[in-house]
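Subject: Structure handover and notes

Dear colleague,

I am handing over the structure below, and I would be grateful if you could read the notes that follow beside it.

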Amino acid sequence: MYKIMTPGPTQVPETVRRARSFACTNPDLDEEFYDFYKETCELISSLLGTKNETLILDGEGILGLEAACASLTEPGDKVLVIDNGIYGKEFADFASMYGGIPELYHADYENTLDVDALAEYLKDHHDYAYATVVHCDTPSGMLNDISRICPLLKQYGILTIVDSVSGMFGERVCVDDFQIDLLCGGSQKAVSAPPGLTFVVVSDDAKEKMKNRKTPIASFYANLMAFDGYYEKKWFPYTMPISDIYGLRAAFNLIAGDKTLYERHARIGSATRAAVKEAGLKLHLQSGYSNTVTVFDIPECTDAKSILDEMRTKYNIMLAGSFDELSGKVIRIGHMGENARLEHMVPALEALSATLTDLGVTLQGNLADLFLKHYREFQD
Ligand SMILES: *Cc1c(COP(=O)(O)O)cnc(C)c1O
């Protein structure tokens, strides 16, 4: 077994693994399961600063993104796709798949979205049904300031779909303060449950748009309205994956009890970046660093495959490369959720330091030592 230090899936604590082995009832017929499901959804909402309804769907993170687009898009809807990363851009496919007309708002892939520039653009272009934005665009580690972006869009009556699959619970998200209409999350990132579940937090405005559609939602599995009134009717659109949900609940119980969650991520994120820089490596981004993942450029004398292979075969530790235009160009260290702990970070950075040195990279110090120095000096 590898120690996975990837930006999702992340390590799964034993409490969560055990919860997945609890005895199962019939989740379609047992009324108590409807309570359990609803309470779990309410816990997620409250941890995300809202009373808006959360729905847990039986599918990996991508299903949440597709369900949000499928449910909101009516044929002909203009959709503003905020594109400063790979996931950001890919929202255009979901919007057009369901009949929307995506318009890409291109921005720099190496800097956090310039919200003032977006505000300027919106003055003359705001005829959109909704906009999509990624909170943490994981392939580059780009963090966008959704606390400013979503309220700005809302001023023009533009609904928002936010992908925070790899941001939430490592970076603070407050649905009400940020005025997010559809917020998408997944089980396998900072939540630290295995992959397999996604959840969407739905605002009243989003519900209203879905209820007042002129055309039916062109999907069954990705139809958020299929859950409408599930609790009163005691009727799920399909049989719920009960063991996955037991695991998810255990993960959220841990999060609810974790008083240092955000401070831990901030401290580990900032110490990792400081260590990478001080050692002489180059952070891939110029701004917009998420505390859930650190991404650095591959030094010239080596390549991604050599680094990842040696980390795996010699140290049993899995880091990640990236994909699309970043394929072969960067290495990603995932420090979200369970991964964001000293006992995992120190050996991972120790091994990375040795691997890079072995591959001919000259480092200005040991990554683990530098990390610990900055970790101790950290002030929020
Ligand atoms: C992980 C992730 C998802 C979920 O999809 P994958 O199949 O795991 O790629 C969606 N959005 C973002 C930003 C993610 O990091």
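Predicted model: local features only at pLDDT ≥ 70, side-chain atom pairs only at ≥ 80, totals over all residues.

Residues are numbered from 1 along each chain as its sequence is written, and side-chain values use heavy atoms, with hydrogens and water left out.

Helix α11 covers residues 261-278; helices (H or I, at least four residues) and strands (E, at least two) are DSSP runs, numbered from the N terminus. Its 18 residues reach 26 Å from the first C-alpha to the last, close to the expected 26 Å, where the expected span is 1.5 Å times one less than the number of residues. Of these 18 residues, 13 are buried, and α11 is thus mostly covered; buried means under 20% relative accessible area, exposed over 50%, and partly exposed in between, with a 1.4 Å probe and protein chains only.

In the loop between α11 and β11 (293-297) lies Ala279, which counts as buried because its relative accessibility is 0%. Leaving aside neighbours within four places in sequence, Ala279 is in contact (heavy atoms within 4.5 Å) with Thr362, Leu363, Gln364, Gly365, Leu367 and Leu370.

Thr54, in strand β2 (residues 53-57), is buried because its relative accessibility is 1%. The side chain of Thr54 makes a polar contact with the side chain of Ser45 at 2.7 Å; such a contact is a pair of N or O atoms within 3.5 Å, where within protein one must be able to donate a hydrogen and the other to accept it, and residues adjacent in sequence count only if both atoms are side-chain atoms. Beyond four places in sequence, the contacts of Thr54 also include Phe199, Val200 and Val201.

Arg332 belongs to strand β13 (residues 330-334), and UniProt, in an unreviewed entry, places the feature "binding site" there; UniProt positions are given in the numbering used here, feature names are shortened, and annotations may be inferred rather than shown by experiment. Arg332 is buried, with a relative accessible area of 8%, and a polar atom of its side chain lies 3.0 Å from the backbone oxygen of Thr138. Not counting residues up to four places away in sequence, Arg332 touches several others, among them Met5, Pro7, Pro139, Val293 and Phe323.

With best wishes
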